[in-house]
Amino acid sequence: MSNSSFRISTLGTPRIGPRRELKFALEKFWAGKSDSEALNDAATGLRSANWARQNALGITNIPSNDFSFYDQVLDTAVMVGAIPEIYGWKGGETPLATYFAMARGSQGGVGKSNGVPALEMTKWFDTNYHYMVPEFSKTQEFTLASSKPIKEFKEAKTLGFETRPVLVGPVTFLKLGKSADESFDPISLIDELLPVYVDVLRKLHASGATWIQMDEPCLVLDLDDA
């Protein structure tokens, strides 16, 4: 049987780049020595190189949306519009400044003079990888506030790569979050959250995606009846 009979998949490649290119591009941007256009150009180059490298090595099922400027949970929070009021977001596509304020805090704030804190950071399932903890409330509303998964799928397709978009699943996303109200369980927001995921899936399908990966690592833990 020839190798062409098999579909070979990967979980992706390190987004930092073989020579830590993303780290240096981010530090330069945060220091005010480059602008968002230069940062996005660096990110585009890294994604393109990662897809091309996997393709050249014979990978036939390449992921997209595995790239992030900070972490996948933060990307998901921004995608579904779970952005606390303190960050000054007023709707529409989420600005990069808002994204990094959620990730790192902001000395000058986003539309505020006294700055804003970052979201809480904690360990990803007892590993040394960390993620930013989403914040939810009983009156939480969700909306599509970032089309990153769709944009990166189209970006890969333009370069000739048919990719498998990867999303943090809605159950895991809610279970990894927190609420200031300790009596409130974020998983109760699942019915409000799902329409945004449906919107993303429809947009990916319309763009030509035939296979979408939904990661739900929380489902391997001990679960209660709910």
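Surface patches are made of residues with over 30% relative accessible area and no salt bridge; like charges are joined within 9 Å, and nonpolar side chains (Val, Leu, Ile, Met, Phe, Trp, Tyr) within 5 Å. A salt bridge is a side-chain nitrogen of Lys or Arg within 4 Å of a carboxyl oxygen of Asp or Glu. In this predicted model, local features need pLDDT of at least 70, side-chain atom pairs count only at pLDDT 80 or more, and totals for chains, interfaces and linings use all residues. Residues are numbered from 1 along each chain as its sequence is written, and side-chain values use heavy atoms, without hydrogens and water.

Leu219, Val220, Leu221 and Leu223 make a nonpolar surface patch of about 410 Å². Leu219 lies in the segment after β7 (213-215). Its relative accessible area is 46%, so Leu219 is partly exposed (between buried, under 20%, and exposed, over 50%; 1.4 Å probe, protein chains only).

The chain holds seven helices and seven strands, taken as DSSP runs (H or I, at least four residues; E, at least two) numbered from the N terminus. Their order along the sequence is α-α-β-α-α-β-β-β-α-β-α-β-α-β. The radius of gyration is 18 Å, close to the 17 Å of the globule rule for 226 residues, so the chain is as compact as a globular protein of that length. This radius is taken over C-alpha atoms, and the rule is 2.2 Å times the number of residues to the power 0.38.

Of the 226 residues, 42% are buried. Among contacts (heavy atoms within 4.5 Å) between residues at least 6 apart in sequence, 72% join residues at least 24 apart.

Definitions and conventions: Areas by Shrake-Rupley, 256 points an atom, 1.4 Å probe, with all protein chains shown as cover.
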